[in-house]
Amino acid sequence: MAHFVGAIDQGTTSTRFMIFDRAGREIARHQLEHRQILPAAGRVEHDATEIWENTLKTIGVALSGAGLVAADLAAIGITNQRESVLVWDRETGEPCHNVIVWQDTRTDALVAKLDADLIREKTGLPPATYFSATKIQWLLENVDGLRDRASRGEVLFGTMDSWLIWNLTGGRHLTDVTNASRTMLMNLETLDWDPDLLRLFGIPREMLPSIRSSAEVYGTADTVLPGVPIAAAIGDQQAALFGQTCFAPGEAKCTYGTGGFLLMNTGSTPVRSSHGLITTVGYRFGDAPATYALEGSIAAAGAAIQWLRDQLGVLDSAAESETLAASVDDSAGVCFVPAFSGLYAPYWRPDARAAIVGLSRFHTAAHITRAALEAICYQTRDVVEAMAQDSGTTLDCLQVDGGVTANALCMQLQADILGVPVSRPAVAETTALGAAYAAGLAVGFWHSVDDLRANWHEDRRWQPSWSPERRDEGITRWKAAIDRTLGWVSVG
């Protein structure tokens, strides 16, 4: 009898495989980073073949490290970076182009021509380079012969969940409703590809995967995990919502990874935002009605720290950001707005670009690093405010997860800037845990969400320490810095 569930967590900067037991405890993991390909300003790509090879390696190493074999797994779930797109050959499986990543802004001119009201009405999304449709449109228009091949059914489109399922199962072309809801092609009411939007973007339906629920058996693996059911696919932020056991309307979580993502469960009815948030599918399990969510998406959270490390060489490691930032009492008036790909929620300003303001000769790398941590928290506060306005619900505690939560200083700053406690669960990598939970429910490894709630335990809680006056002063400075990033590039 299988005693464990596995999860592939295919993220923006790395791929990991994690194994969990029935209590939701981590048994093993292995993680590999993949290259960030930056061919020009505003362009971000990945090598899909590298990601698939890394997936195979992480599975093998995690299993062997735990002394397990494939038969010890009841199922595996997949969670993935959303909106990033790939087109590959139906027969050979060869990618037709690199993955175009969600952060990529090359389609800003295409987005500027879209009817915002139409897109919002049908999809719940604002027109933005963030989403998949214009990326597919760009590929069809710029890769030689690709449009003709697509019309003949010779190539397939997918987000990263589809790419992994296709490779794992020997050619099943599927996606789930959460990933489909991020393409700007799925109708939020029908939960199917919208024919009007397909015509608008010029995308042949023949290249699209079929849309399934987030938790059902899609097939069995025929490669590294022979016979193991592939039983869940769920976009990374929705997976974290599920992993944090936010099953009731009004419950919310924030995940800090490359970007930052705050999601609130709104129940079985989509709540349309009037304050710059996204209306999205939270999850759908089997034949049950879909659960919807409000989402605030922040383009750069951990990416700001990664930029300091990789582009500027200020840090040797992401972990060093806490030590360096803690070496000064505050940012001494410096603000860092990491709008590398424009500003996402609640602003949706593709014309914005990153800026560090308030510098003098007094300031050091420590002040800039502390400002980067504060930026993660101020961006989150902007989204929390918008969500309160849309939902009428004020958070009394923010549940957090993701890699950045290992930075205790950043989480303390988050509590200070929000003015409410911040709570981290015992398993901080709730994205992978959520995918494992979904797969386990699909095969009966767990019987109900009550089993999952019983697994949740708090690891640490941060209490706010700033005075209201200090908080207001910081917010005023942050808003002034935001203003200085706007209109930096022309769009359209």
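Glycine 67 comes directly after helix H1 and has a positive phi, near 70°. In this predicted model, H1 covers residues 48-66, and its 19 residues reach 27 Å from the first C-alpha to the last, close to the 27 Å expected at 1.5 Å a residue. At the start of H1, the backbone nitrogen of threonine 49 has a side-chain oxygen of aspartate 47 within 2.9 Å. Buried residues of H1 include Ile51, Trp52, Ile59 and Leu63, and also Glu50 and Asn54.

Valine 228 lies in the loop that runs between strand E13 (215-220) and strand E14 (229-235). Its relative accessibility is 2%, so valine 228 counts as buried, the cut-off being under 20%. Leaving out residues up to four places away in sequence, valine 228 touches Ala70, Leu73, Ala75 and Ile76, along with Gly219, Thr220 and Ala221. Alanine 75 is 153 residues from valine 228 along the chain, yet their C-alpha atoms are separated by 5.6 Å.

In soluble globular proteins, nonpolar side chains tend to be buried together. Here the largest nonpolar core has 134 residues, and the members that touch the most others are Tyr130, Leu185, Phe201, Ile203, Met207 and Leu398. Helix H12 (residues 365-391) gives the most to this core, with 13 residues. A second, separate core has 33 residues, among them Leu164, Leu168, Leu174 and Tyr218.

Tyrosine 130, from the largest core, is in contact with Trp102, Phe261, Ile278, Tyr344 and Trp348, among others, when neighbours within four places in sequence are left aside. The contacts of tyrosine 130 also include Arg82, Glu83, Lys135, Arg182, Glu295 and Ser297.

Key
Residues numbered from 1 in each chain as written. Predicted model: local features only at pLDDT ≥ 70, side-chain atom pairs only at ≥ 80, totals over all residues. Heavy atoms only, no water. Helix = DSSP H or I, 4+ residues; strand = E, 2+ residues; numbered from the N terminus. Expected span 1.5 Å × (residues − 1). Buried < 20%, exposed > 50% of the residue type's maximum accessible area, 1.4 Å probe, protein only. Polar contact = N/O pair within 3.5 Å; in protein donor to acceptor, adjacent residues only side chain to side chain. Core = buried A, V, L, I, M, F, W, Y, C linked by side-chain atoms within 4.5 Å. Contact = heavy atoms within 4.5 Å.
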